[in-house]
Amino acid sequence: MSFDEKLAEFTKRRDKALAMGSARHLAERKAQGILNARERVAELVEPGSFEEFGLFALGINPLARDRTPADAAVCGFGRIDGRLMGINAADFSTMAASSGRIQIKKYNHIRDLCVANGHPLVNLMECGGGRIPDVMGAAGIGAGGESGPYFRPRTVPTAAAVLGATYGRGAFACVLSDFTVMRRGAVLAVSSPNVTSGSIAEAESPEDLGGAPIHSETTGLVDLVVDTDQEALAAIRRFLSYLPDHNRLAAPRVPVPPGADAAAARLPELVPQERRKTYDVHRAIEAIVDPGSFFGLKERFARAAVTGLARLDGRTVGIVASNPRFKGGALDADACSKITNFIVLCDSFNVPLVFMADTPGFLIGSDAEKRGMAGRIMNFLAAVEEATVPKLALVLRKSFGQAYINMAGGKGDETAAWFSSEISFMDPHVAVSVIFAGKQEANGKSREEMMVEAAGDTSPYNLAAPYMAHAVIDPRDTRAYLISRLAIHSRSLTGGVGEHRLANWPPVPF
């Protein structure tokens, strides 16, 4: 063949791969406002920065090679905000992006390059499940066992988007990520409804099987739900902006917005002094952190706990707070798991933790015990103790019982309390009720006398006197206090890098 003939052959093959799969399917998606795999990559990265790997790859099945351009995967590296990142994007127009042998090989190659070279990884997923007949038989499933590890040590941050029907290996890639965003109408499940109904005679709609409400509110496997592909990609960019490229770097710092210190003066108005009065702790968080910087994770799940990334004086921090607006701020089993998951993220990528407690304790009862409450509390506490990033504990209004300890009271680098706060083994009203159960008097004292005595013992000054609290502060000084203490607990000897004791914690710590 002449050079021109070879060039024509090259151009033909390249154009076929770039055109992806079913033209009808691609047209339908366009009409619905849903991006295809290549459009998603183009939307995510800086123009002209994407370098593709495996454009000429084809499916392993000889009978389907002509129908598997790039084996249903757009893979490579591109720049997001100037940072080089690996990208795996499923092409649902080709074989429903089902998991084929070569496709998996491409995905794993990009993942391995990211881990070896310190680049974040983004998975843009849709997947019809395992590709049949490729995975049928002993050899088919055996190849899956040889296709590389599922376990992911937290060396580089990984973000994923569920952007359509996502089953099998595509679903696993999402739940193994540090951040997962889901578009409404998409589905995340182990197997499709066809497989489910055929295997266990359970007929479910895709939405009921694994829609956004299930995973954002019940399982907690999804961190954020959005309406469009574009919003999902923007959320990934924002999430990654808080984290370093890899775990040997401190988190990036950004300029501080003008007037960032002003809102903290309103904290006494935002947090009611009355112990039982509800409010949304998000208002307090947003008054403390840099304006507009709070990025909540799993906000629809276990809502008595708030977890999210933010910035203080331009520095990334992880916020863990109890929210009195839900269950009075009492932490239930799901809240324990949610917080544990977040501590693992922050410790793995050198993000200091700020705990803000306003809680009556853990939510107890028969349902909690059936859900392994004691084990979840201990997992939560183990994560707090093992984390080596700076940990600042702050009591806003009240913190009672074991929850005080789990919210890093006495367990962090510093413990502080607002001068108006209360700290005790339990709510004084509950304690006095226990003491007076079936009694008219206790130790010669009336219920009213005991209430005054019990309430007096909850003063933060009683915690500060034996130096169990390092500071008692004016609520209005909270932002300044946290910024100054983070400067002290800088981990300068290691460049802000922790020991990552939690990096090998179970991939989905629930």
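Guide: Arg40, Glu43 and Leu44 in H3 meet Asp229, Gln230, Leu233, Ile236 and Arg237 in H10. Sorted by class, this contact has 3 nonpolar, 1 polar and 4 charged residues. One caution: the model is predicted.

Visitor: How do I describe a pair of helices like that?

Guide: Two packed helices are described by the angle between their axes and the distance between the axes. Here H3 and H10 (residues 229–241) pack at an angle of about 45 degrees, and their axes are 10 Å apart. That angle makes H3 oblique to H10. The crossing is right-handed.

Visitor: What angle do H13 and H15 make?

Guide: Helix H13 covers residues 333–348 and helix H15 covers residues 373–386. Their angle is about 20 degrees, with the axes 9 Å apart. H13 is therefore roughly parallel to H15. H13 passes H15 in a left-handed crossing.

Visitor: Which residues of H13 and H15 meet?

Guide: From H13 come Ala333, Asp334, Cys336, Ser337, Ile339, Thr340, Ile343 and Asp347. From H15 come Met373, Arg376, Ile377, Asn379, Phe380, Ala383, Val384 and Glu386. By class, the contact of H13 with H15 has 9 nonpolar, 3 polar and 4 charged residues.

Visitor: Now step back. How many helices and strands does the protein have?

Guide: There are 20 helices and 16 strands. The protein has 510 residues, and 54% of them count as buried.

Visitor: How should I read a nonpolar core?

Guide: In soluble globular proteins, nonpolar side chains tend to be buried together. In this model the largest nonpolar core has 66 residues. Those with the most contacts inside it are Leu44, Leu124, Phe179, Ile236, Phe239, Ile343 and Phe380. H13 gives the most to this core, with 9 residues. Apart from it lies another core, of 30 residues, including Val281, Leu394, Leu396 and Tyr481.

Visitor: What does Phe179 touch?

Guide: Leave out residues up to four places away in sequence. Phe179 then touches Thr158, Ala159, Ala160, Asp223, Leu224, Ala235, Ile236, Phe239, Phe295 and Leu297.

Visitor: Is Asn406 buried or exposed?

Guide: Asn406 has a relative accessible area of 0%, so Asn406 is buried. Find Asn406 in helix H16 (residues 402–406). Asn406 touches Phe355, Phe362, Ile377, Phe380, Leu381 and Val384, not counting residues up to four places away in sequence. Now take one pair. Asn406 and Phe380 are 26 residues apart in sequence and 6.8 Å apart in space, C-alpha to C-alpha.

Visitor: Where does Gly361 lie?

Guide: Gly361 lies in the loop between strand S12 (353–359) and helix H14 (366–370). Gly361 is buried, because its relative accessible area is 5% and the cut-off for buried is under 20%. Beyond four places in sequence, Gly361 touches Gly329, Ala330, Leu331, Phe400 and Ala403. Gly361 and Gly328 are 33 residues apart in sequence, and their C-alpha atoms are 9.5 Å apart in space.

Visitor: Where is the place of Ser49?

Guide: Ser49 is in the loop between helix H3 (37–44) and strand S1 (51–53). With a relative accessible area of 14%, Ser49 is buried. Ser49 touches Phe77, Gly78 and Arg79, again not counting residues up to four places away in sequence.

Visitor: One last feature. How do I read phi?

Guide: Most residues other than glycine have a negative phi. Ala96 has a positive value, with phi near 55 degrees. Ala96 is found in the loop between strand S3 (83–90) and helix H4 (101–117). At 29% relative accessibility, Ala96 counts as partly exposed.

Visitor: What is the phi of Asp313?

Guide: Phi of Asp313 is near 55 degrees, a positive value in a residue other than glycine. Asp313 is in the loop between strand S10 (305–312) and strand S11 (315–322). Its relative accessible area is 33%, so Asp313 is partly exposed.

Technical notes:
Residues numbered from 1 in each chain as written. Predicted model: local features only at pLDDT ≥ 70, side-chain atom pairs only at ≥ 80, totals over all residues. Heavy atoms only, no water. Axes fitted to C-alpha atoms, helices over the stretch in contact; angles between N-to-C directions. Helix = DSSP H or I, 4+ residues; strand = E, 2+ residues; numbered from the N terminus. Parallel < 35°, antiparallel > 145°, perpendicular 65-115°, else oblique. Left-handed = near helix turned anticlockwise from the far one by under 90°. Contact = heavy atoms within 4.5 Å. Nonpolar A, V, L, I, M, F, W, Y, C, P; charged D, E, K, R; others polar. Core = buried A, V, L, I, M, F, W, Y, C linked by side-chain atoms within 4.5 Å. Buried < 20%, exposed > 50% of the residue type's maximum accessible area, 1.4 Å probe, protein only.
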